[in-house]
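Biologist: I would like to learn how to read a model of this kind, one feature at a time. Could you give the general idea before each case?

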Amino acid sequence: LSESGVPQLVQPMIWDYAADLDVEGKVHLVEKYRRCGFSKVWFASAFKGATGVNQSLTLIGHHLKNHLQWLKVANSSPPDVLEGIALTGWQRYDHFSVLCELLPVAIPSLAVCLQALENGGYSERTKENVEKLLGMSNLETETFMR
């Protein structure tokens, strides 16, 4: 790869939507890209639509855990390597499936994930900020929102 010149033309994006993604494995992957000549990498997460083919509601906790794991990868990687993180929101689980997790039901998940990334983690204060921003009295992350 380094001899091809590709690392001067593109920045790789590492995708993983798992709540328990392998932090150490991702850090090693970042290191491999660096050794190949890539100066920057992107991470890709999901705030909705990546947990099941017939999922209609968004389980915020799954996506929050994924973002917290990505923060661990970022904190364990060289400080100048991360270019950014793309928060994807899949409308279909795959090309052959019906629509899943429409945006309105996923807005609380998007808000939680963005706040966790902005604040470098998730706390009771972060939860209260999201509740205030969305005008909600009780944000639920480990069960489906009512």
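Biologist: Is aspartate 80 buried or partly exposed, and at what relative accessibility?

Modeller: The general idea is a pair of thresholds: buried means under 20% relative accessible area, exposed over 50%, and partly exposed in between, with a 1.4 Å probe and protein chains only. At 44% relative accessibility, aspartate 80 counts as partly exposed. Please keep in mind that this is a predicted model, in which local features need pLDDT of at least 70 and side-chain atom pairs count only at pLDDT 80 or more, while totals for chains, interfaces and linings use all residues. Residues are numbered from 1 along each chain as its sequence is written, and side-chain values use heavy atoms, with hydrogens and water left out.

Biologist: With which side chain does aspartate 80 meet in a salt bridge?

Modeller: A salt bridge here is a side-chain nitrogen of Lys or Arg within 4 Å of a carboxyl oxygen of Asp or Glu. Aspartate 80 meets arginine 34 in this way, at 3.3 Å from N to O. Helices (H or I, at least four residues) and strands (E, at least two) are DSSP runs, numbered from the N terminus. Arginine 34 lies in helix 1 and aspartate 80 in the loop between helix 2 (60-76) and strand 3, so the pair ties together parts that are 46 residues apart in sequence. Arginine 34 is itself partly exposed, its relative accessible area being 30%.

Biologist: How many salt bridges does this rule give, and which residue pairs with aspartate 16?

Modeller: The count comes to four. Aspartate 16 pairs with lysine 26, their closest N and O atoms being 2.9 Å apart. Aspartate 16 sits in the loop between strand 1 and helix 1, whereas lysine 26 belongs to helix 1, ten residues apart. Aspartate 16 counts as buried because its relative accessibility is 17%, and lysine 26 counts as buried at 14%.

Biologist: In what order do the strands form the sheet?

Modeller: Two strands pair if DSSP finds at least two bridges between them. Three strands form an open sheet in the order 1-2-3, with parallel pairing. Strand 1 (13-15) and strand 3 (82-89) are the edge strands, each pairing on one side only.

Biologist: How many bridges join strand 1 to strand 2, and which residue stands opposite methionine 13?

Modeller: Three bridges join strand 1 to strand 2 (residues 41-48), and methionine 13 stands opposite tryptophan 42 in strand 2.
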